[in-house]
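Visitor: Hi! Could you walk me through this one? I'm new to it.
Guide: Happy to. Here it is.

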Amino acid sequence: MDDLLQEFLTETNESLATLDVELVRFEREPSDAKILGNIFRLMHTIKGTCGFLGLPRLEAVAHAGENVLGKFRDGELDVTPGAVTLILKAIDRIRQILSAMEQTGAEPAGEDSALIAEINAMASGQAVPEMAAASLDDDGGFPVAAELLAEVAQAIEQNPTLAAPAPVIEPDVKKAEPAKANGEPAAPAAESSAAASSIRVNVDVIENLMTLISELVLTRNQLLQLQRGQKGNEFKVPLQRLSHLTSDLQDGVTRMRMQPIGNAWAKLPRIVRDLAVETRKRIELVMLGADTELDRQVLEIIKDPLTHMVRNSADHGIEPGAERLAAGKPEAGTITLKAYHESGHIFIRISDDGRGLNVEAIRRKAIANGLVTEPELATMSEQQIIQFIFRAGFSTAEKVTSVSGRGVGMDVVRTNIERIGGAIEMSSVQGQGTTFLIKIPLTLAIVSALIVEAASQRFAIPQINVIELVGVSDRSDVSIQRINNAPVLRLRDRLLPLVSLRGLLNLAEDETGAGRTSYVVVAQVGSAKFGIIVDRVFDTEEIVVKPVAPILRGTPFYAGNTILGDGSVILILDPNGIAQAARQQTADDGKSDVHAAAQDGIKDETSFLLFGTRGSELKAVPLELVARLEDLDAASIEHVGGRHVVQYRDHLMPLVPFDEFHEWPASGKQAVLVFSDHGRSMGLAVDKVVDIVRDRMAIELSSERTGLLGSAIIAGKATDIVNIGHFLTLAFTNWFDGAVEARVVAQRRALVVDDSAFFRNLIVPQLRAAQWHVTSAANGAEALRIMEADRPFDIVISDIEMPEMGGLDFAAAVRRDQRWQGLPMIALSSHANANDVQQGRAAGFDEYLSKADQPRLPENLARAMDAVTQASPWRNAS
Amino acid sequence: MTSIYKADAVFGDDSEETFSVAPRFCLIVDDSATIRRFSARLLNAMNFVVGEAEHGVAAVEACRLVVPDLILLDWNMPEMDGLACLKAVRAMDLQPRPMIVMCTTENVLPKITEALAAGADEYIMKPFDRDVLRDKLAQLELI
């Protein structure tokens, strides 16, 4: 294609984008002569340029548009939404023609006379009755013949001069000028001087430059490496200088690739405006931080997700005006986009003040789609429920409109953002609006990466995904354990699923020599954490990301390749792909699903450890509660005064058999699950550890059988869930009875108020183990009766939603009573959004904890109890 | 009007011509990059060296650096329009005095007298082609 035409296409497309934005502004501020002047000029320039290039179709459409704009400018025509919509239609038509020209290099055949007649009819002062919504729909095609003829006929009837070229507009530049002459020159002038001092460069040129710079960086690194072996010589100083210059150059080119995020936002005002017209709402779009810069590659990737979210906000989020007024909100809804830099990342916040997500609808949909069961939902907070919209195939739209619900769901949005190492969070308050927060890296081209080795091959792992490094060996405290042949690592009391890089990439088999040291790279992808086992870890390096070779595109494990200082080419691992592959692998296995523990960020599933007992029946315990798995030498187990203990990390650890008829082995190994609590540990002796499975936490509370919480369907089988609390108390009461008999503990007293036996069972043993005397009540009324009758309590821990008397009423009643003014009270609820917490505190609770974060509940509770008992002047009356 | 798809028809084979005189300098002032490039081709073929400015402010700036022999000045531009630019350039009293040709469309045609009064030497209707431009420049004895 002729480069002149190419230039024209680029230039005109840019002008059209500006026109979209400016027209939307203009519609709101029709009296702003400056905006109108700018719009008029842009349209005029397009028309003028078409004349030079011999593009009659474009010229005619642009001319009609310019004609109307001229009449706006001269005050001959009122600015109405219908009129603006027509101009926008003209812009769309121009865009259509341009895009066809991009394909063929020539103006496509077509007929614009209907559109032009419509525009001219309006220019001649005809009202445009209610056309806005209707005509927006047909801008993809041309009107059918009859309709077209009718329009033309009507137009001609009304405007006999139509056949001639549009009437010459009385030029009245003065009207548009005053703004320019009188005022506000400062800001625009500064803007345009920046424009004047900038040049347009082909993206390829910059990409090429980037490649050259990576080569330069490589050569520099090679030189530095040569120099390292030498004692000081005359090359040292110039080499250092070269090194600095190269870094500066690299920075410079990286900056060249940066573009303001406003570029990705340019289409949004138009989209929101059209949506507002179509849905008959009033919507303000506020854009803040549009000049925040980020890499153009990143910009391209987030463009569509952003558009999608803004669309969603406009279509579903913002309510119709009447509904808003009824809810006491301003009639016009507001969507706010805000971008800003923080700690090497770009944050983009998209918020609206609409109705918020429809939790009920999400709940129904989640059940209908089989994502969750009713009892599980009951234990989830609203914030947890709304996260379902990120699941594949989940569209929140109750009815699919032409606007959203196009099959691109929030799952695609999340996938796109996570693919570039970003993350997305969402919160929504019913009646108040929804907010998304996106975090993305500044650039993808040069990243800081950790260089690791597996089977003598080096790999780079993007630093952004790396949380920490752990050295492991058979001899150290931290070691890799195997559960059903899948490796896991117990790290600070959390079990981390592992992936062996050797295994994953089919490199040489792991050598399991004694005392061999390897490393675990703890990586995070989205909310999932997992470990990658490697042989060695080198340095971190700034690496230049080169696209992955076509031959490797089929494998999900690589993000690209790079060249290191010593000239070797290495592959960059894609933690995202590895996490997915690992999940896939375990899913194929069908039963062992350790890796899924990595998904613990998704709170609706829990990992369970399955173990065997003397009977054939398997028992399960939530994996989160297990601190460690040990295979103890039978010989190391001592039998003292009717109890079994073992020397464990410089302490004596009590062992409790799960089964009272447990046969302690005389030789060989004894499998033990170690539980830790407040610095103490106890071991639960079991027959064997069978597996770790991941399933929904749906426990049927049941039987009063000692030591069991109830049962749940795990991996398709009804399995008993073990109540660890029972064994903890067993170990420790016995322990203290025997060993610390002399110690007199003035036991502090806690009152636990909860209608759920499950939660009482979860909390009470923990408190008992921490030396509390615990009394429990099933609701507020019962709790008040106990408080009246019983000795004073040192702390009250209460649920919120309970029959008879809920937590809020209960707290208020307690606070009304002089005797209990300073009594520390902690609320524990499955609903814990900001609003709930506020209400709880207002009612008199000192702390408010969420039950949802079950794995960390004991820890959080302990911390909160320490805090409130210390902060409170409350002293037990006794 | 010739279509650009037959570029030769527009630009002819003038590029083959040899010129005996030193090239003159023309400043093209237009907010459309396409038109600037188009005009530059025509002018290059007529032995002009070409400079470009996308609005009046940039044009005035350019005149401070090099005094052009000819300024092709568009009317409708951001920042500073053609008429204001014309006045600003004339106020600089450049030596030797550059020829200024206003590029106009039907919209601003009635104002051309004002431009001529303010110091424009000639005007040319947009869109123009090689022959029209050549005639205008010949009238001004620039070629």
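Visitor: At what angle do the axes of helix H2 and helix H3 of chain A cross?
Guide: A quick note before that: this is a predicted model, where local features need pLDDT of at least 70, side-chain atom pairs count only at pLDDT 80 or more, and totals for chains, interfaces and linings use all residues. Residues are numbered from 1 along each chain as its sequence is written, while chains are lettered from A and ligands numbered from 1 in the order in which they are written. Now, the axes of H2 (residues 33-53) and H3 (residues 56-73) of chain A cross at roughly 155° and come within 9 Å. Axes here are lines fitted to C-alpha atoms, for helices over the stretch in contact, with angles from 0 to 180 degrees between N-to-C directions.

Visitor: So how does H2(A) run relative to H3(A)?
Guide: Roughly antiparallel, a term for angles over 145 degrees.

Visitor: New topic: where is B:Pro96 found?
Guide: B:Pro96 sits in the loop between helix H4 (82-92) and strand S4 (99-104) of chain B. A cis peptide bond joins B:Gln95 to B:Pro96, with omega about -10°.

Visitor: And where does B:Pro127 lie?
Guide: In chain B, the loop between strand S5 (122-125) and helix H6 (130-139) holds B:Pro127. The peptide bond from B:Lys126 to B:Pro127 is cis, and omega is near -10°.

Visitor: What is the phi of B:Glu79?
Guide: B:Glu79 has a positive phi of about 70°, although it is not a glycine.

Visitor: Is B:Glu79 buried or exposed?
Guide: B:Glu79 is buried, with 22 other C-beta atoms within 10 Å; buried takes 20 or more, exposed 12 or fewer, with C-beta atoms placed from the backbone.

Conventions: Helix = DSSP H or I, 4+ residues; strand = E, 2+ residues; numbered from the N terminus. Parallel < 35°, antiparallel > 145°, perpendicular 65-115°, else oblique.
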